[in-house]
Amino acid sequence: MSVALAIIAFTFLGALALGLRARSGRQMSLEQWTVGGRGFGTLLVFLLMAGEIYTTFAFLGGSGLAYGKGGPAYYILCYLALIYVISYWLLPPIWAYAKARNLFSQPDFFAAKYESRGLGLLVAVVGIVSLVPYMVLQLKGLGIIVSTASYGAVSPAAAIWIGAAGVTAYVVVSGVRGSAWTAAIKDVLILFVVVFLGLYLPYHYYGGIAPMFEAIEAARPGFLALPERGQSAVWFASTTLLTALGGYAWPHVFASLYTASDPRTFRRNAVILPLYQLVLLFVLFCGFAAVLQVPGLKGADADLSLFKLALQTFPPWFVGVIGATGVLTALVPGSMILMSGATLVANNLYRPLSPAATDASTARLAKGIVPVLALVCVGFALHGGDTIVQLLLMGYNFVTQLFPALLASLMRRNPLTAAGAIAGIVAGVGSVAATVILGLSVGGLFPFLPAALQDINVGVLALTLNVVVAVAVSRWGALAVAAPGGRAY
Amino acid sequence: MHHLRWLALLPFLGMLVGPFFLNRVTPFVLGMPLLMAWLVFCVLGTSAVMGVIYLTDPANRTAGGTDSSGEGR
């Protein structure tokens, strides 16, 4: 066993032990299991929310994006900061409403606000369909990281099986408490590793940050800014905004907000988290350092740029530390995803449809679903092929379609009815699926638009359609009720 | 101090509108390309703005902070 592999294995076992111990004598009711009894203070909520940022995407994808695309990669610095700004006002009312009614999950919230079981079911289905590809992405990243960092000693498939088994074990036993405590080690490790790499690599290869950027600008002029067409400033603004709106529509992120014991936690986090996510700047530095050092990685291989550069720079033990960090970036979000997915199936699909269900039977079912869901995700990760990329693209835009109905439900007078919200979400999700499957872009759909507007992210179109349909159906319903003799519904 | 919450629009303006005007590599600022340096500045500014809003928000002074009058005005 190589040093690198030993370090990765040790970290994995440590995280597993910590996750299993986090239960510490508590009775695991559904409320304890999914939302930690709503008793988490600022630090644990902070770690959970921050933990969801530093996924394998941030680690591999962030550096890969900088390496492959250059300037457009800057958007990952921005959308998270905007998510936190929105969270300051969005989360406290959601939290207060959920606490008062003892809600566990995202569909619970929609179903209660709109007094519509149908909407709850729809939101649950959208959530599950979006979560699966997200989990598959974590597993695939895990496989790549472990096989690269172990110098090929462990195959990606073996790493995926072991990782999925470990995360399933501690999710079933400890629920959200396991995730919070493994998030704590992960964050310490990633802070150290990413900041070190982001500074060391530019200094080692170029003699500093400024010389690195000057060298890149000399070799590839304009690479460090946004291009005129394609991923232009219009693309940048529309993508950043869309991603920021979609952030809190993810079911597992939504679920983590229920863990807080006090809404001030969110407001405090809205101040600190923008600074904390600047760690991503160092991830970008790593990707840029690789541009001139390991040139020629194309397409999906761009995501390997950080590891390729690390392998040619560092001794095995440090490659092992980087690999271990990468493993944790997959496990922690993975555990939140599995738990939310299982809660969605048990609490929001099974329970509303089976009147005999009790709290205890729902909790048992949720835990039973975790391994099944993990198996489904492992299956996709090993045999999914390219379809998973399409699913992921859809997943992100799918959950964003929940945002208009969420925002409207928090207004003093909700302008949307349940029927309107359902119609809007269906229209939005349908058009996202259509545009992704048919590979459409705004420019392709509306070739007559001015050149600049053709770069708008196609997700904006779906969101607009969503809002228009939702408002139209809500209005039409209200008119039908108000009309003389009209007996709608 | 209610009007201070409008400061929250600044991060949106800086990040979404700024790139239209500052989409350049040079001059380098603190060693970073101009656009990147601007966006980093915006992130730091976001934290500062949210800090000011947090400190002046009456909702954070009530016990438990659950007073809904502090939100959604």
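**A walk around chains A and B**

Guide: At 42% relative accessibility, Asn102(A) counts as partly exposed (between 20%, under which is buried, and 50%, over which is exposed; 1.4 Å probe, protein chains only). This is a predicted model, with local features needing pLDDT of at least 70 and side-chain atom pairs 80 or more, while totals for chains, interfaces and linings use all residues. Residues are numbered from 1 along each chain, chains are lettered from A in the order written, and side-chain values use heavy atoms, leaving out hydrogens and water.

Visitor: Where is Asn102(A) placed?

Guide: Asn102(A) isn't a glycine, yet its phi is positive, near 60°. Its place is in the loop between H5 and helix H6 (106–114) of chain A.

Visitor: And Glu115(A), is that buried or exposed?

Guide: Glu115(A) is another non-glycine with positive phi, about 50°. The residue sits in the loop between H6 and helix H7 (117–149) of chain A. With 74% relative accessibility, Glu115(A) counts as exposed.

Visitor: How many salt bridges are there between chain A and chain B?

Guide: The two chains bury about 3500 Å² between them, 76% of it from carbon and sulfur atoms (accessible area lost on being put together, 1.4 Å probe, summed over both). A salt bridge needs a side-chain nitrogen of Lys or Arg within 4 Å of a carboxyl oxygen of Asp or Glu. Between chain A and chain B, the count is zero.

Visitor: Which residue does a cis peptide bond join to Thr26(B)?

Guide: Omega is about 0° at this bond.

Technical notes: Helices (H or I, at least four residues) and strands (E, at least two) are DSSP runs, numbered from the N terminus.
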